[in-house]
Amino acid sequence: MVEPRWTTPAPGPKRESPVPAHAVGDSSIADRRPTLSRYHRNDTWQSADGTWSAGFYEVAHYPDDPDDEWAVEFSDDFQWVSGGHPSDESAYHAWPGANPGSGDVYEHSPENEAQIMLLEMRAAELEEREAKVRRDRFYQSDYSGPSRMHDPVILKARAETAGRMVASLTRDRFSYRLDGYANTVDLDTTVATRDDLTKRALAAGATDIDDGSAEMLRLLTKLRDDRAGRVLDRWTPYERRRVVQGTLAELNVEIAQVQRRVTAQQAARDKAAKKAAAAQKTEQKTAAAPTSTGSAASGAGRVGAGVPTGGQFAARTHPEADVALD
């Protein structure tokens with residue numbers, strides 16, 4: 001459930017903003033306290049482990065009039081994140097900047113799971129950016145709290161998100177050409193990001209990662225079927241006709257390649273499922289099989305049994321007379 005939160009200046013002494021003991025980075029964060037009031041887009045959410053985090057977004061566009069705070073546009077990337085807090089209020093008030101006004105609160109629940117995972121991924125991306133290059137502290141760009149960049153669940157979600165982005169960009173690349181546009185699509189960078197995240201997720205212990213091939217097959221097939229109904233009339237210039245026909249041919253080749261990849265992936269999943277089922281069946285049979293302890297004990301003390309037991313003579317191996325043991 002999403003709950004809007006509105007903050008108002010409290011009367012009396014200024015409330016101290018809690019700073020988590022595990023804060024990463026410059027200790028000057030403890031000296032920055034909320035001052036004045038200025039809207040800043042933010043979200044507060046509860047992670048699967050029960051702790052709370054708050055994230056504030058980067059500014060995408062700043063208005064010409066600095067007093068028009070509601071004209072500020074924010075991106076979907078976090079500028080600042082603090083996590084590992086015991087409550088939503090503690091996470092929210094860890095923000096060291098001006099009073100940000102409203103913000104959304106996401107309690108961990110099945111209906112909020114998708115949105116919370118999106119926020120977890122954005123927090124992990126900020127952590128990675130901070131790890132690569134420390135930003136100017138003047139802009140309060142920071143990440144503090146438990147590490148997310150190595151979490152297998154978050155890495156898997158990021159890899160699968162990148163895979164869907166690859167599928168979407170591949171569709172766009174063909175769509176632009178079929179419409180006669182010369183737009184370029186930076187597909188290589190997104191593919192490299194997907195492959196890197198997938199490799200890291202597998203190393204962290206994630207399994208069954210969807211690389212977006214099935215989604216790509218769906219998008220490309222739909223594009224081909226939609227464009228197949230558009231018949232070029234006789235007034236279409238020859239060069240335009242040649243480009244469209246060539247692009248459709250390339251699209252069919254791409255679809256065939258993706259189809260083979262999807263088929264191979266499904267076969268691998270089916271094989272892994274059969275192997276897991278066989279292993280489980282073997283384990284169940286082993287657990288249900290009777291132990292040999294009873295049969296071994298029943299034969300103890302008999303000639304040739306070969307299984308000595310406490311308080312009895314050892315099994316006979318030669319015809320000499322028995323010797324009592326003190």
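This is a predicted model: local features need pLDDT of at least 70, side-chain atom pairs count only at pLDDT 80 or more; totals for chains, interfaces and linings use all residues.

Biologist: Okay, so where does aspartate 196 fall, buried or exposed or in between?

Modeller: Aspartate 196 has a relative accessible area of 39%, so it is partly exposed.

Biologist: And which side chain does aspartate 196 meet in a salt bridge?

Modeller: Arginine 200, at 3.7 Å from N to O. Both residues lie in helix H4, four residues apart, which is about one turn of the helix. An α-helix has 3.6 residues a turn, so residues three or four places apart point the same way.

Biologist: How open is arginine 200?

Modeller: Arginine 200 is partly exposed too, with a relative accessible area of 22%.

Biologist: How many salt bridges does the count come to?

Modeller: Twelve. One of them joins aspartate 76 to arginine 41, with the closest N and O atoms 3.1 Å apart. Aspartate 76 sits in strand S4 and arginine 41 in the loop between S1 and S2, so this pair ties together parts that are 35 residues apart in sequence.

Biologist: What about glutamate 250, which residue does it bridge to?

Modeller: To arginine 177, and there the closest N and O atoms are 3.0 Å apart. Glutamate 250 is in helix H6 (residues 238–288) and arginine 177 is in helix H3, so parts 73 residues apart in sequence are tied together. Glutamate 250 is at 40% relative accessibility, so it counts as partly exposed. Arginine 177 is partly exposed as well, with a relative accessible area of 31%.

Biologist: Let's stay with H3. How many residues does H3 have, and how far does it reach?

Modeller: H3 has 27 residues and spans 39 Å from first C-alpha to last, close to the 39 Å expected at 1.5 Å a residue.

Biologist: What caps the N-terminal end of H3?

Modeller: Aspartate 151 does, with a side-chain oxygen 2.8 Å from the backbone nitrogen of valine 153. Just after H3, glycine 180 takes a positive phi of about 85°.

Biologist: What's the phi of aspartate 208 like?

Modeller: Near 50°, a positive value in a residue other than glycine. Aspartate 208 lies in the loop between helix H4 (187–204) and helix H5 (213–228). Aspartate 208 is exposed, with a relative accessible area of 55%.

Biologist: Switching to aromatics. How many aromatic pairs does the count come to?

Modeller: Six. In one of them, the rings of tyrosine 39 and phenylalanine 74 have centres 5.8 Å apart and planes at 80°, so the pair is edge-to-face. Tyrosine 39 is in the loop between strand S1 (2–5) and strand S2 (42–46), with phenylalanine 74 in strand S4 (residues 73–85), so the pair ties together parts 35 residues apart in sequence. Phenylalanine 74, at 16% relative accessibility, counts as buried.

Biologist: And how do phenylalanine 56 and tryptophan 95 pair up?

Modeller: They are stacked, 4.1 Å centre to centre with 10° between the planes. Phenylalanine 56 lies in strand S3 (residues 52–61) and tryptophan 95 in the loop between helix H1 (88–92) and strand S5 (103–106), so parts 39 residues apart in sequence are tied together. Phenylalanine 56 counts as buried at 0% relative accessibility, and tryptophan 95 counts as buried at 5%.

Biologist: Last one: which residues do ring pairs link into a cluster?

Modeller: Trp45, Tyr57 and Phe78.

Note on methods. Residues are numbered from 1 along each chain as its sequence is written. Side-chain values use heavy atoms; hydrogens and water are left out. Helices (H or I, at least four residues) and strands (E, at least two) are DSSP runs, numbered from the N terminus. The expected span of a helix is 1.5 Å times one less than its number of residues. A polar contact is a pair of N or O atoms within 3.5 Å; within protein, one must be able to donate a hydrogen and the other to accept it, and residues adjacent in sequence count only if both atoms are side-chain atoms. Buried means under 20% relative accessible area, exposed over 50%, partly exposed in between (1.4 Å probe, protein chains only). Rings of Phe, Tyr and Trp (its six-membered ring) pair if their centres lie within 6.5 Å; planes under 30 degrees apart count as stacked, over 60 as edge-to-face and the rest as tilted. A salt bridge is a side-chain nitrogen of Lys or Arg within 4 Å of a carboxyl oxygen of Asp or Glu.
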